Amino acid sequence: MLNYRRTLRWMLLPYLMGTVILIVIPAIVTLILAFTQYDLLSPPSWYGFNNFRDLAQFDDILPRAMLNSLLFVLLAVPLRILGALALALFLEHRRRGVGLYRTAVYLPTLIPDVAYALIWLWVFNPIYGPLNQVLEAIGIEGPGWLTDARFALPAIVLMSVFQIGEGFVVLLAGLHNIPRDYYDVAAVDGGTGWQKFRYITFPLLRPWLILLTLRDVLLTTQNTFTPAYIMTGGDPYYATMFLPLHIYKETFEDFRYGSGATMTVLMICGVSVILITVFVVLKGWRNQNAYD
Amino acid sequence: MIFGDPAERAAYEALVTAFESEHPTIQVQLIHIPSQSDYRARIGADFAANTPSDVMLINYRRYAQFAARGVLEPLGDYLDRSPLIQTEDFYPEALEPFYWEGKLICIPQNLSSLVVYYNKNLFDAAGVSYPNNDWTWDDFLETAQRLTQDLDGDGNTDIYGLGTEVSIVRLAPFLWQNGGELTNTDFNPTVLTLDRSNEGLEALQWFIQLQTVHGVVPNAEAESAEDSESRFMNGRTAMYLNSRRGVPTYREITAFDWDVAPLPQGKQRAGVLHADAYCMPSMIDDKEAVWTFIEYANSPAGQTIVAQSGRTVPSLRAVAESPAFLDPNKKPLNSRVFLDVIPDLKFLPIMSTWVEIEEILTEELQLGFYNDPAPHDIALMMSFRTLEYFDPPQR
Amino acid sequence: MRMIRRIRTISYHLAAILVSSVSVIAMIWVISASLRQPGLPPPPVIEWIPNPISWSNYQRAFELIPLGQYLLNSLLVIGMAIPLTLVTASWAGFAMAQFTQGTQNRLILLAIILLMIPVTSLWLARFVLFSRLGWIDTIWAIIAPAMMGSSPLFILLFYWTFRRIPKELYESAVLDGAMAIQIWRVIAMPLAKPTIVTVMVLTFILYWSDFISPLLYIKSTEKYTLSVGLQMLQQLDRSNWPLLMAASVVMITPIVLLFGLIQRYFWSEKGIFNNL
């Protein structure tokens, strides 16, 4: 029996070791590098808090990138969560053809990032792209999308709103976990659809929604890299310069690994602040709700 | 390791094949990265991982960042010892920018410069005469205006008179022609001087107005819908600004006839150097074998192979004057314009942070080119935003 | 009543079809664009079916870059990552399911924290680490996450599955003197077939789509995967839309087919996501 327990621990080992090698050590290394100057060619030299000072003093793109990333999260996350919720509610029940509809909704999520970026680059093409041509056919003159500083960021939000398969699936599962009896009781009491949602579905889905929102905040900050890298390179005039792309350029194109690490640390702090805020707000809102 | 389009790649494949048949003991593997920014990231990462390619083709605007870090082997001594090639065989204009702190670091394969590629069929159709060798800025603008056409009358331009990448290397020759200067010195400058002279601002304004006022160049939307080079190749742009490197790709054009013309002239003669050089990392083992390749690539035999593909304006005087480059049976017919401009060529500053500076300058220039703020404001922003990269603070 | 029900059914399907079409419309446009004859001037108005239909963009994409080679490279990565992921993730899930409740909760918390770590923050340090390990420009740099089960989500999926297997099954086997590995292989895994299929498919998608690892860690052009190959094609000919769309379709098709194969199962009542 002792032997058995020991073997079990061995079976957990690859996962824990992988975690240490691929996540814990890199995290520590990043934290240390944030306080050094390092171009990988010569050994890192200690630089204290000077990276933070230099970034504050010289890097005029960083505030822009932070603001863009924040704006992106604020726009994309609510839209994505609401979209996933609406679709999950709409396609919840088993009916003829529902599998096909669900697959159609899930499909954009399956598409590899690079291909997805290229596809939307074509869709957003201001003159020959299908989106503006369809708009023109119904009498609307479409904007320049990715070439227009006002529309570039919303355009990337728009394309991200189509990739909500993960949230959709999780919320479907959440809906299926709600016992049918609850609704049956409500039906007897003559509850309306809205009341059912308000007093049964929503409260029971809440933990799922909180978890999803937290995860989505994280995902959407990260997922701006590939579209920005492939589609715009941060243009027009930094309108789509997000933190991950800025860090990539600083680190891998300008060989400033030290200040790249500093930005990474800043990004993690920023994301943590958002996560905690979201968590506190959603949680507080639940407690308040408990009284009505 | 090289960069460039597929048609350019073929030229280097031919070079490698010829080299291997002459030196059967040395194997060469060609690595091809299409984009410049990836290329730079790649070289940096390779150095960092201690596994650089043995030979790298690097543009003169980009080698200083590596030279300053001491990771490139100076090749001057190798050249002095070479029985195959001598310093005097090269155009001095090609070698000059590759001297870093007095040492020749890399051996340039070419000395190209900016010229005007033009579509003869579009000129004929519009009844516009071909550019001559001493046309002026005004002639240039007028030609572009007459060639810019809206064929179906829907208010959208269908054929543009001119296409160009919007970047500081494209602007530079016009700036110099007008008597402006980009920086205070050629090597390790300490100040951006674009905003310090009216000549510079005037040239900047003229360049920007090609789009904002005259509309002979595609605007931001049209450019992103289809870039100017692709428009030129598809016969919907009459003139396109590029260096020699476009030639291998343009030779595949069958739908129309084209040629090259020199840049129009401003107050004084000037052109912008485009040169790429073979560089050797200092950390590799078999330096002699690597030198053998670089030497071969820059020997008359090697340069002839690449020149025949159309890719280069050879940096060896003898090859540049030979039919390998001036072949009357191959386009462009007017290849001599690349040689005529050589005495007037100037180069962009050589400094370790130039790539970052150029990136910012280009970003500001594009903002101006597509949105039309006052030239003085653009130049001020350029100076202000690049301050940190001159006499760089330790980062 | 019947009338009203029928109208409701029809309007439901109409709405569902509308939603589905909006969702996949970009893909339809892409397929259409990929079949457009190269060299034609761009269409002035929207064109749903190109005339004439031309397959030459697909041919050209394979000529211009070694797309076939990249496809094989991607498959090789996946071929190595899937078994590795299955073993490490199911081992971890299997072990987790049998620890004390306290340990289980701590490990769940760990997995959730790991799910919350921004991957972008690890690029740089992993690059430094991999270059010290000599993994740069090797397949190991791409499949390294498979060592830890590729994603903490997969560990949790296996954990949830194994936890539902009655404890008595394990215990009687242990009393018979079976080793943990044997129980995992003979009892646990055969009961986890749906989870295995799901994790396989998700792993496939994960590595097929992975752009950042090969972009950062792979140097030799002949070792590129499809993602990086596609990006390279874009840089070679950025305004050649039919060509780029054809290559995108090449990249999307296998994954859509794969999902098509399992979609019935994916949405069924027994589907993995309905049993969390």
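Is the crossing of H1(C) and H13(C) left-handed or right-handed?

1. It's left-handed, a label used when the near helix is turned anticlockwise from the far one by less than a right angle. Before going on, note that this is a predicted model, where local features need pLDDT of at least 70, side-chain atom pairs count only at pLDDT 80 or more, and totals for chains, interfaces and linings use all residues. Residues are numbered from 1 along each chain as written, chains are lettered from A and ligands numbered from 1 in written order, and side-chain values use heavy atoms, leaving out hydrogens and water.

2. In chain C, H1 (residues 2-34) packs against H13 (residues 241-267) at about 120°, with axes 7 Å apart. That angle makes H1(C) oblique to H13(C); oblique covers whatever is left after under 35 degrees (roughly parallel), over 145 (roughly antiparallel) and 65 to 115 (roughly perpendicular).

3. Who touches whom there? H1(C) brings Val30(C), Ile31(C), Ala33(C) and Ser34(C), while H13(C) brings Pro242(C), Met245(C), Ala246(C) and Val249(C). Contact means heavy atoms within 4.5 Å.

4. Now chain B: Ser228(B) sits in helix H11 (residues 228-233). Ser228(B) is buried, at 1% relative accessible area (buried is under 20%, with a 1.4 Å probe and protein chains only). Leaving aside residues up to four places away in sequence, Ser228(B) touches Gly163(B), Thr164(B), Pro218(B), Glu223(B), Thr237(B) and Tyr240(B).

5. Finally, chains A and B: 31 residues from chain A meet 32 residues from chain B. About 2,700 Å² is buried between them, 50% of it from carbon and sulfur atoms; buried area is the accessible area (1.4 Å probe) lost on being put together, summed over both parts.

Methods
Axes are lines fitted to C-alpha atoms, for helices over the stretch in contact, and angles run from 0 to 180 degrees between N-to-C directions. Helices (H or I, at least four residues) and strands (E, at least two) are DSSP runs, numbered from the N terminus. Buried means under 20% relative accessible area, exposed over 50%, partly exposed in between (1.4 Å probe, protein chains only). Buried area is the accessible area (1.4 Å probe) that two parts lose on being put together, summed over both.
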